[in-house]
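Biologist: Please take a close look at the aromatic part of this model. Then set that part in the context of the chain around it.

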Amino acid sequence: IKLDTSKITRLEILDGASPLVFVKQENPKDKTTLWALEPVSSEELDQSKVSNYLSSASNFYARDVVDPAGSYGLPANPAVRITQLKDEKPVVSEIYLGTKDETKKTQFVKILPDGFVYDTSTASVEMIQKDKKYFLKAA
């Protein structure tokens with residue numbers, strides 16, 4: 001995925017038990033930008049975990065491009081949606097997770113907007129499959 005992590009404004013993780021939506025907001029106190037959960041939560045986010053997640057997504061490794069006409073168990077809805085600004089306009093990238101092959105330790109993944117289907121390692125996919133606890137500051 002081609003991502004400029006400094007231009008990302010919204011992150012949605014949609015494949016868990018409950019969807020997670022993060023939005024970049026300006027801190028009114030010191031004008032820095034921070035990630036916040038939407039809807040607003042009293043739980044405190046670990047900002048570095050959101051940054052690490054986005055770095056993992058931008059470094060997503062595909063082993064091979066596969067025939068787009070094949071059947072790969074791809075769902076109708078994406079697992080992850082990332083919005084970034086390009087030339088001041090929002091551009092949305094989506095990641096769809098398809099069939100997993102446990103013996104080869106691979107999984108099919110479709111990336112939009114390019115539309116290609118990739119054969120990726122399950123380790124790459126696991127880097128983007130995180131739940132809410134991952135993003136919260138330790139108590």
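Modeller: One definition comes first. A charge sits over a ring if NZ of Lys or CZ of Arg is within 6 Å of the ring centre and within 35 degrees of the ring normal. With that in hand, consider Lys49. Its charged end sits over the ring of Tyr134, 5.0 Å from the ring centre. Lys130 also has its charged end over the ring of Tyr134, here 4.9 Å from the centre. Note that this is a predicted model.

Now the rings themselves. The structure holds 5 aromatic pairs. One of them is formed by Phe22 and Phe135: the ring centres are 4.7 Å apart and the planes meet at 55°, so this pair is tilted. The pair bridges distant parts of the chain, with Phe22 in strand E2 (residues 20-26) and Phe135 in helix H3 (residues 132-135), 113 residues apart. Phe22 and Phe135 are both buried. Next comes the pair of Tyr134 and Phe135. Their ring centres lie 4.9 Å apart with the planes at 90°, so this pair is edge-to-face. A single aromatic cluster takes in Phe22, Tyr53, Tyr134 and Phe135.

How do Tyr134 and Phe135 stand in burial, buried or partly exposed? Tyr134 has 23% relative accessibility and counts as partly exposed. The cut-off for buried is under 20%. Phe135 has 0% and counts as buried because it falls under that limit.

Helix H1 (residues 47-58) contains Asn52. Asn52 has a relative accessible area of 43%, so it is partly exposed. Thr5 is 47 residues from Asn52 along the chain, and their C-alpha atoms are separated by 9.9 Å.

Move to strand E1 (residues 8-13), which holds Glu12. Is this glutamate buried or exposed? Glu12 is buried, at 10% relative accessible area. Its side chain makes a polar contact of 3.2 Å with the side chain of Arg10. With neighbours within four places in sequence left aside, Glu12 is in contact with Leu20, Val21, Ala79, Val80 and Arg81. Of these partners, Leu20 lies in E2, the strand of residues 20-26 that also carries Phe22.

Phi of Lys105 is near 55°, a positive value in a residue other than glycine. Lys105 is exposed, with a relative accessible area of 55%. Glu88 also has a positive phi, near 65°, and is likewise not a glycine. Glu88 sits in the loop between strand E5 (80-86) and strand E6 (89-101). At 67% relative accessibility, Glu88 counts as exposed.

Two cis peptide bonds deserve a look. The bond from Glu38 to Pro39 is cis, with omega near 0°. Pro39 lies in the loop between strand E3 (33-37) and H1. The bond joining Leu112 and Pro113 is cis too, and its omega is about 20°. Pro113 occupies the loop between E7 and strand E8 (116-121).

Finally, the whole chain. Its secondary structure comes to 3 helices and 8 strands. From the N terminus on, the order is β-β-β-α-β-β-β-β-β-α-α. The C-alpha atoms fill a box of roughly 50 × 40 × 25 Å along the principal axes. Buried residues make up 37% of the 139 residues. Among contacts with a separation of 6 or more, 51% join residues 24 or more positions apart. The chain exposes about 8,500 Å², and carbon and sulfur atoms supply 50% of that area.

Key: Residues are numbered from 1 along each chain as its sequence is written. This is a predicted model: local features need pLDDT of at least 70, side-chain atom pairs count only at pLDDT 80 or more; totals for chains, interfaces and linings use all residues. Side-chain values use heavy atoms; hydrogens and water are left out. Helices (H or I, at least four residues) and strands (E, at least two) are DSSP runs, numbered from the N terminus. Buried means under 20% relative accessible area, exposed over 50%, partly exposed in between (1.4 Å probe, protein chains only). A polar contact is a pair of N or O atoms within 3.5 Å; within protein, one must be able to donate a hydrogen and the other to accept it, and residues adjacent in sequence count only if both atoms are side-chain atoms. Contact means heavy atoms within 4.5 Å. Rings of Phe, Tyr and Trp (its six-membered ring) pair if their centres lie within 6.5 Å; planes under 30 degrees apart count as stacked, over 60 as edge-to-face and the rest as tilted. Accessible areas come from the Shrake-Rupley method with a 1.4 Å probe; for residues, only the protein chains shown count as cover.
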